[in-house]
Amino acid sequence: MGLEKFICSLMLIVIGVAHTTATSTVDYRGALSKSLVFFEAQRSGKLPHLASLSWRSSSGLNDGSTENVDLTGGYYDAGDNVKFGLPMAFTTTMLSWSVIEFGKKMGSELHNARDAVKWGSDYLLKASCHLPDALYVQVGDPDKDHSCWMRSEDEKTPHPVYKVTPSNPGSDVAGETAAALAAASIVFRHSDPHYSKQLIDAAVKAFTFADKYRGSYSDSLSSVVCPFYCSYSGYQDELLWAAAWLHKATRNSSYINYAKSLGCNPDSDTFSWDNKYPGASVLLAKEYLLQKNQDVSEFRGHAEKFMCSILPNSPSMSVTYTPGGLLYKMTGSNLQYVTTASFLMSVYAKSLRFSKQTFQCGGMAVNPSLLREVAKKQVDYILGVNPKGMSYMVGYSNNFPKKVHHRDSSIPSINNLSGTVSCDAGFEYYHSSAPNPNILTGAVVGGPDPNDNFADDRDNFAQSEPATYINAPLVGTLAYMAASSQH
């Protein structure tokens, strides 16, 4: 009996060591590649033939027809079939920033990253084509969509279209659209100068509209954007964010003067599709650190206050960490806050290293290596270095969520099941205990709870639903980690 116990214990030790070794070797380059495949799965419109994603087909080919405008293309935000303008624009901004900041570290994936940006920016150009009279900000009725479980390809009736106008303004969504177009213009400045100019011209129009006609789209379109993507933070953050990106894209100092004239307090411990303050602070602080532009010096303090609010052991930390070490902010789709925070830490670490700077969080010294290490631990947790040994990126490693809350992933491909799956009939697949038939490669889901627990269940959308704005900032951070791990 004693020998059996010894052998059993020895086996457990070996298994444990093997598990630790396997999960500690993180393939950032492979994860980067997969993270970009996810954006292909989220595409609406006429799809090119993609060997990496054979189970999706074209959808939404009549989008905009009810308003006699072409609104085909763009991205579905998450596991549904609605095109929400605010998170889509933020996704495009963050994909663009990922390329601008870390594109040189992306290797062969740079082309795919640019394609992901362009799929978003092409759509935003279409949505902006009627400015200054209208900005189209949503395609699809979310209440009707959420009452159905259908493949995007099966939705043949034209979707309703929603817009903001001078009399029904949306400074938040217009500001984010301006930021996205401006950021994308930088991505294509050298590879496609004509397209880049189109983007910056549209960005200026969107910004002028956002500034001139002040108001929140949550008021103008409350019945269709709330509670899904209400602008809870207001629109001042988007005006600041847009001004920061327009300055970076044009080098026109009037945008810095505008940003400072807003007089808003950009301190926050959350960077997301809703709250842009930390992102704007880091973007502007970078310019002070690297180019010694004194006009933006005040933003360094705001950027570092954000860092101090999220760093473990900081005396001013205002977020929590799970027992397994994951930054934890909110129960719904928490990994979105993890990927944005990790991205900002990576950007700031790079900026501090180049400028040979450090800073203090009270009595705690913070250097580039510390920021990078904290960001790395968050990325590693997402990719499986966690108490459950589960990757929260679909298709990465062998242990990942199999029952993702995603319509197209959970219903057999139209290439294998050609008949229409109706609104109600689709719920057969929603309630199925079987894994999704189509692997949503690269998708990062909402993630575990405050105790590192995760229920792989389609009905558990707070944990099992992916979103483009979870993945977009992770693209840049993965490129940074892949390059750093080679040194």
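1. Let's start with P142, which is found in helix α5, residues 142-146. Helices here are DSSP runs of H or I with at least four residues, strands are E runs of at least two, and both are numbered from the N terminus. P142 counts as buried because its relative accessibility is 0%; buried means under 20% relative accessible area, exposed means over 50%, and partly exposed lies in between, using a 1.4 Å probe and protein chains only. Leaving out residues up to four places away in sequence, P142 touches V82, F84, V224 and F228, where contact means heavy atoms within 4.5 Å. The C-alpha atoms of P142 and A483 are separated by 40 Å, and these residues are 341 apart along the chain.

2. A word on what you are looking at: this is a predicted model, in which local features need pLDDT of at least 70 and side-chain atom pairs count only at pLDDT 80 or more, while totals for chains, interfaces and linings use all residues. Residues are numbered from 1 along each chain as its sequence is written, and side-chain values use heavy atoms, with hydrogens and water left out.

3. Now try the largest pocket, with a volume of about 760 Å³. Its lining has 32 residues, and F228, Y229, F461, E465 and Y469 lie nearest its centre; F228 is also one of the residues that P142 touches. Two or more lining residues come from each of α14 (335-355), α17 (427-430) and α18 (461-464). By type, the lining divides into 18 nonpolar, nine polar and five charged residues. Here Ala, Val, Leu, Ile, Met, Phe, Trp, Tyr, Cys and Pro count as nonpolar, Asp, Glu, Lys and Arg as charged, and the others, Gly among them, as polar.

4. How is a pocket found? On a 1 Å grid over the protein atoms alone, a pocket is an open set of points where a 1.4 Å probe fits, with protein on both sides within 12 Å along at least five of seven lines, and lining residues have an atom within 4 Å of a point. Grid points are joined across faces, edges and corners, and the volume is the space filled by probe spheres set on the points.

5. Helix α14 deserves a look of its own. Of the 21 residues in α14, 19 are buried. After α14 comes K356, with a positive phi near 55 degrees.

6. The second largest pocket has a volume of about 490 Å³. Among its 23 lining residues, I100, E101, I186, K248 and K286 are the closest to its centre. Helix α12 gives the most to this lining, with six residues. The lining divides into nine nonpolar, five polar and nine charged residues.

7. Which residues touch the most other members of the largest nonpolar core? They are W97, M307, Y348, L371 and L383, in a core of 153 residues. Such a core is a set of buried Ala, Val, Leu, Ile, Met, Phe, Trp, Tyr and Cys residues joined through side-chain atoms within 4.5 Å. Helix α6 gives the most to this core, with eleven residues.

8. Finally, is S272 buried or exposed? S272 counts as buried, because its relative accessibility is 6%. S272 sits in the loop between α11 (254-261) and α12 (277-291).
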